Amino acid sequence: MKPKVITKKLVVKNKAFIDAIKSSVSKRDEIHQEIVEAAKKSGVLSKLVPSK
Amino acid sequence: MAIYEFAPGSENNSYVFPTKFGWLYTVTFRNSADYFSDNGILFNNSLVSEIIFTRSVLNSDAPLKGIDPDVKETIQCILHHHLEGQGHLPLYIFICYSADKKEAARMDLFIKWYAAFDTADWRLHSYELMDAGESIYYGLIVNLNHPDVSVIPHEFEQFVEKEKSAWKELFRRR
């Protein structure tokens, strides 16, 4: 049976790639907030909130 | 265990769900083919999606502490729901990198979730990308029926280990 997960370590030499990753990761919270605000405005969020 | 109700988010291919612990999660499948714009195999006809999980506090109340098992169930359900409709040709990537230095733990958690999930013909290649004293944990998920499955991991490893600086890339594109 083939493994589901294969792990490896790599030394990065492609700086353009690593810079692109870091730049993209830094925008995650902004995108998350946009989705959250839109869900709040549309009223979707209030319908999803579970009771504690 | 239960699954939280979720809904599509405003961003394409995104989902949102609140939890009873007081957190609000988003799961986004963001097109990330641009990472590989100069590599035909990895660019994959633009079928590359980055899986992003993010959470914030739901309201002004402090969230409850502890592990909420329903989050795992819900995220697995969203992954299944989304991947099922996309076929075997897309590549999926998952990146753990953050200022809080908890990325290794997050990747371990993702691997545990992934291993426990019925992933059918999907295989996760998990990489620790070492760069100047820090690590970025990177997952590449490829379907075993993809026509390039035998070359994609090797191509990715070469892509990462090939020296290329940002300014050279900028110059080349002009």
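**View 1. V11(A) meets its bridge partner in a strand of chain B.** In this predicted model, V11(A) has M130(B), a residue of β6(B), as its bridge partner. If you are new here, this pair is a friendly place to start looking.

**View 2. β1(A) and β6(B) pair in the parallel sense.** The chain A partner, β1, runs over residues 5-11.

**View 3. Chain A and chain B in contact.** Here 36 residues of chain A touch 45 residues of chain B. On the chain A side, at least two residues come from each of these elements: β1 (5-11), α1 (15-25), α2 (28-42) and α3 (44-48). Sorted by class, this side of chain A holds 21 nonpolar residues, 12 charged residues and 3 polar residues.

**View 4. Chain A on its own, from strand to helices.** Chain A has 1 strand and 3 helices. Chain A is more spread out than a compact globule, because its radius of gyration is 19 Å, well over the 10 Å that the globule rule gives for 52 residues. Its C-alpha trace spans about 45 × 35 × 15 Å along the principal axes.

**View 5. Burial in chain A.** How much of chain A do buried residues make up? Of the 52 residues in chain A, 17% are buried.

Key: Residues are numbered from 1 along each chain as its sequence is written. Chains are lettered from A and ligands numbered from 1 in the order in which they are written. This is a predicted model: local features need pLDDT of at least 70, side-chain atom pairs count only at pLDDT 80 or more; totals for chains, interfaces and linings use all residues. Two residues are in contact if their C-beta atoms, placed from the backbone, lie within 7 Å. Helices (H or I, at least four residues) and strands (E, at least two) are DSSP runs, numbered from the N terminus. Ala, Val, Leu, Ile, Met, Phe, Trp, Tyr, Cys and Pro count as nonpolar, Asp, Glu, Lys and Arg as charged, and the others, Gly among them, as polar. Two strands pair if DSSP finds at least two bridges between them. The radius of gyration is taken over C-alpha atoms; the globule rule is 2.2 Å times the number of residues to the power 0.38. A residue is buried if 20 or more other C-beta atoms lie within 10 Å of its own, exposed if 12 or fewer, and partly exposed in between; C-beta atoms are placed from the backbone.
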